[in-house]
Structure formats: C-alpha cells, structure tokens
Amino acid sequence: RAAAIAKPQFRARIHVRTNALSMPREDGALRRVLGWPSAGALERLPIICAHCDAVFTPSDLDYGCLGGRFTSDALRDAFVPLERDDETNEFLISSRKKSTWTHERRARRCTELRRTMSLTEANAVIGRGKMFVFSESHVEVLLAGTGCGREWALDVGAGCGDVTSRLAAKVDKVCATESSPGMVARLREKNFKVVLESDTVEGVVERVREMGHEDLPSDGFDVVSALNLVDRVDAPTALLRDLRAAVNKTTGVVILAIVVPFRPFVERADGTRGKPSEFVDAPSSGSWETGVESLWTNLIKPSGFDLLKLSRVPYISEGDHKFGAYVLDDAVFVLRPTQEPSEVPKVNDST
C-alpha cells in the first residue's frame, strides 16, 4: 500500500528491439489454435511496444522510474511505485485464451468495418480492443491517503467500460461518459449508475443532477478520471478546465493517465486521423521522466492542479493472433485542484 512506502523505489528498464530467436519460445501451434495456454505461457508471452516495435515479455513491463532525471522535487517526492499483479496477469493472458481462428476472424471483420467507420466504432461493434490501465488494487493505492470521498466518480471517455469497472469497485456510484455510440452501448451493458453519450465534460454535474441523481453534490464528483484522453482530444487545456470544474475542489481528486512520449492525434468519425488544434510543449521521444516533467510543467500544473501522487504503468491493449499484447507507457497523475490556475499553459496553435 502507498501509505506504507517510506521512500519510493526508483527503477527503470530500457526496452530494446529483441530478435525473435532470443525470445522465450511460445506455446505450440495447437495450443494457440485451441486457445488453451500452458501453465507457463504468461511469462513467455510476446509483447510489442506500439511506439518503437520493441518485443519483450511481461517481466520487462516497466513500473519504475529514474528519479534523478526529474528536476522537480514535486515529481520525485510524489512517485509511488506500483507492480504487476494478478489482475494484470489475467488481462495479459486473456488474448491467448481465445483461439487463433477467433483473432483472425475479428481482424478481418475489423478491416471490413473500418472502410465506413473509425477504429473505435469498429472495436465497439466487434467487442475487440479491450484496454488495461490499472487494477483494482492499483486504484486503491492511488486513492489511499488522498482524503477523497468514495461516493461518486466520473470517468470521461470510458470506452467499453472495462477500466471504468476497476474504478467502480472502489466507489459507490459511477457516471461514465463516451462520445462513441457503439461504446456507449457497451457501457450500458455494464449497468453503471449513469451513462452519458457526450463529447464534452462541460456541465456534467448539472446534467446528472437533472436526471434525478440529486445525491451528487452540486460542488462536484469525489473522483474524476480521464485515462489516455489528453492526447486524443483537440483541445487538452479545455479538457483539463472541464475536469477541474467537475471535481469537488476541497477533497476531490482527478486521476489523469497520459501516454509518454506524448504523440497526440484526433480520430475523426470517418476513421482518419489529424493533428489537434492545440500544441502541447512535450517531447514526442526521449525518456519517460523527461516527458512527464514537460507535461507537468507546461500543461497540468498551470491548469490549476497540485500533484498528490505519480505512478508509471503499462497501458496494455488486448493482443491478437500476432502478439499477446500491445503496450505503451502511461504516466498516472493523481491531482487536486488549486484555488485558481496559476498561469496560462504553454500551448500554441499547431498550425
């Protein structure tokens, strides 16, 4: 538990491109065709970095950092190391519990659907592309000691709701928002207290109260999360402003997960991708620590937040017939609003 950690243990691995011949041998073709992994399949699972194409195994998933790379004491002191746990392992091996035929059929169907819709919508139709950010135990560590309430949580851009469910296990009621109609349908299957089809967070507290949920305080949610959304919206500063407005200013917390290095794009309804209109001064390559410091200094802190905790987790996408999982590096910031934003964030028009 975070409260029991006196000093953060800083550790980081460097991922290098691995020759396939040097990788531990995966299960044989018959087990993979049948979706019947062996007892040791997890630790031999081939994982690929979606940024650099490095291939590695679960033991190389990185939860540490090199604290000496931070120039900010606030970042260094806030770091809370997490670790791969049973829930993470279960998600990792889940792709190998589906047959090769299932993966191939889904891949073909996705290719067909993407001719007329975005990848997000295609995944919603198929039930493919599940994501994992943190486990229920990780959520408990992140919330412990923050003094936040546990009655109402808001998850913005909730996708199919798998990650939302892990947050929901630690609070009484959840409001999930999502702009994709297909994903909204998936969310409603999970019976969260409130599901809103919306591409904005503005006015969400009032909307939920008007739906008859007057037990949601008018001063905001206890927990607000926006996981891997900052690099997928057109205006990140507006998103942070709205998150700040939606959370209880006194005791509430915002959980913000951002992929590092920062490589933003906006997915359009027709499936094409474009640059956001705002440019955030954060590097698109380099170390995790450098990227985190840039995001904190140039975007998050000026938007009116204090840092309570910082963690590193792998952002894991469900695997397929080629790889057991696809992974990016996430920075998870646990934040509390300050009274007012301290200054205008360093963002410029990308054009």
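This is a predicted model: local features need pLDDT of at least 70, side-chain atom pairs count only at pLDDT 80 or more; totals for chains, interfaces and linings use all residues.

User: How do I read a pair of packed helices, and at what angle do the axes of H4 and H5 cross?

Analyst: In general, two packed helices are described by the angle between their axes and the distance between the axes. Here, H4 covers residues 100-113 and H5 covers residues 119-126; their axes come within 9 Å and cross at roughly 135°. H4 and H5 are therefore oblique to each other. The crossing of H4 past H5 is right-handed.

User: Which residues make the contact between H4 and H5?

Analyst: On the H4 side you'll find Arg 106, Arg 109, Cys 110 and Leu 113, and H5 brings Leu 119, Ala 122, Asn 123, Val 125 and Ile 126. Sorted by class, that contact has six nonpolar, one polar and two charged residues.

User: Which residues of H5 are buried, and what do they pack against?

Analyst: Glu 121, Ala 122, Asn 123, Ala 124 and Ile 126 are the buried ones in H5. They pack against H4 and also against helix H8 (181-189). Just past the end of H5, have a look at Gly 127, which takes a positive phi of about 80°.

User: What about H10: how many of its residues are buried?

Analyst: Helix H10 spans residues 236-246 and is mostly covered, with eight of its 11 residues buried. Among them are Leu 239, Leu 240 and Leu 243, but also Asp 242 and Arg 244.

User: Now a loop residue. Is Leu 61 buried or exposed?

Analyst: The general idea is to check the relative accessible area against a cut-off, and buried means under 20%. Leu 61 has a relative accessible area of 3%, so it is buried. Leu 61 sits in the loop between strand S2 (55-56) and helix H2 (73-78). Its C-alpha atom is separated by 9.1 Å from that of Ile 47, 14 residues apart along the chain.

User: Which residues touch the most other members of the largest nonpolar core?

Analyst: That core has 47 residues, and Ile 47, Leu 92, Phe 134 and Val 223 touch the most other members. Strand S13 (residues 325-337) gives the most to this core, with five residues. There's a second, separate core of 46 residues, including Cys 65, Phe 79, Val 194 and Leu 196.

User: And what does Phe 134 touch?

Analyst: Leaving out residues up to four places away in sequence, Phe 134 touches Val 139, Leu 142, Val 163, Arg 166, Leu 227 and Ile 255.

How values were computed. Residues are numbered from 1 along each chain as its sequence is written. Side-chain values use heavy atoms; hydrogens and water are left out. Axes are lines fitted to C-alpha atoms, for helices over the stretch in contact, and angles run from 0 to 180 degrees between N-to-C directions. Helices (H or I, at least four residues) and strands (E, at least two) are DSSP runs, numbered from the N terminus. Angles under 35 degrees count as roughly parallel, over 145 as roughly antiparallel, 65 to 115 as roughly perpendicular and the rest as oblique. A crossing is left-handed if the near helix is turned anticlockwise from the far one by less than a right angle, and right-handed if clockwise. Contact means heavy atoms within 4.5 Å. Ala, Val, Leu, Ile, Met, Phe, Trp, Tyr, Cys and Pro count as nonpolar, Asp, Glu, Lys and Arg as charged, and the others, Gly among them, as polar. Buried means under 20% relative accessible area, exposed over 50%, partly exposed in between (1.4 Å probe, protein chains only). A nonpolar core is a set of buried Ala, Val, Leu, Ile, Met, Phe, Trp, Tyr and Cys residues joined through side-chain atoms within 4.5 Å.
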